[in-house]
Amino acid sequence: MATPVGSSCEWLPGTNDVRGSVAPYLDEAELVVICRGGNDLYAMVPSGDISAEMIQRRIADFPEQLDEILNNIFEISDAIWKENPNVDVLYILYPNYARSSAWKDTGGAYSGMIEIGLEAVLKDIRKRVSGQGDMLLADSLAIMDKLEIDDYLIDELHLNSGGHALYARMVLETLGVAGLDGPSLTGDRLYGLTEQTDREGGER
């Protein structure tokens, strides 16, 4: 579930995006991938005349903003399961884009503060999404931390062709797809469809 522009609230149940792009297909869907919250967070990142005080104020606002993002994500996933208890819902956790050269250029002397603040928020999202037992998590934060993030971006926020290939592999590994060529991105961890139960208590 993603659009080029928009915040997580634009994908809440009953919105135009859901009615037009998701709801008609939920009955027969086997998987829904959610990649939302990035624009919400990006709106919180300081720009222009940046100061340490500005960054500290934004970081102080992150917990409230994070609660809103996660409440939206969980409301979306609960609505999906209400319509189709057997569908798998996978959330893609964002990488720390503040590690990129573009963000460092924008942040200047304060880029380290921005990177640390965003890292903490993303780790909190990871912890709280992982606590939702039925939701799968594709952890690009962990995967990209091992790589040079600039190699996978075309600008400060968007993936290049290599980045899209990386994300596709990450999603397949998260789903437990076997027989993929090349080394694993996720190591020996197993994810996916084994012994999950739907919201009505049956196996799926």
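These exercises, with worked solutions, go through a predicted protein model.

Residues are numbered from 1 along each chain as its sequence is written, and side-chain values use heavy atoms, with hydrogens and water left out. Because the model is predicted, local features need pLDDT of at least 70 and side-chain atom pairs count only at pLDDT 80 or more, while totals for chains, interfaces and linings use all residues.

**Exercise 1. The whole chain**

State how many helices and strands the protein has, and in what order they run.

Solution. 
Step 1. Helices (H or I, at least four residues) and strands (E, at least two) are DSSP runs, numbered from the N terminus. The protein has seven helices and three strands.
Step 2. Starting at the N terminus, their order is α-β-α-α-β-α-α-β-α-α.
Step 3. Buried means under 20% relative accessible area, exposed over 50%, and partly exposed in between (1.4 Å probe, protein chains only). By this rule, 46% of the 204 residues are buried.

**Exercise 2. Confidence**

Find the average pLDDT of the protein and the stretch where pLDDT is below 50.

Solution. 
Step 1. pLDDT is the predictor's confidence in each residue, from 0 to 100. The average here is 82, and 85% of the residues score at least 70.
Step 2. The stretch with pLDDT below 50 is residues 188–198; beyond near neighbours in sequence, the model gives this stretch 25 contacts (contact means heavy atoms within 4.5 Å).
Step 3. Where pLDDT is low, the predicted coordinates should not be read in detail.

**Exercise 3. The strands**

Work out which strands pair, and in which sense.

Solution. 
Step 1. Two strands pair if DSSP finds at least two bridges between them.
Step 2. β1 and β2 are joined by four bridges and are parallel. β2 and β3 also run parallel, with five bridges.
Step 3. Now look at single residues. Tyr 91 has Ile 34 as a bridge partner and Leu 137, in β3, as another. Val 33 stands opposite Leu 90 in β2, and Leu 93 is partnered by Asp 139 in β3.

Which faces of each strand are covered?

Solution. 
Step 1. In a regular strand the side chains alternate between the two faces of the sheet.
Step 2. In β1 (residues 31–34), Val 32 and Ile 34 form the covered face, and Leu 31 and Val 33 the uncovered one.
Step 3. In β2, both faces are covered: Asp 88, Leu 90 and Ile 92 lie on one side, and Val 89, Tyr 91 and Leu 93 on the other. Since six of the six residues of β2 are buried, this strand is largely enclosed by the rest of the structure.
Step 4. In β3, Met 135, Leu 137 and Asp 139 are on one side and Leu 136 and Ala 138 on the other, all of them buried.

**Exercise 4. One residue**

Is Ser 8 buried or exposed, and what does Ser 8 touch?

Solution. 
Step 1. Ser 8 lies in the segment before α1 (16–21).
Step 2. Its relative accessibility is 0%, so Ser 8 counts as buried.
Step 3. Beyond neighbours within four places in sequence, the contacts of Ser 8 are Arg 36, Gly 37, Asp 40, Ile 69, Asn 72 and Ile 76.
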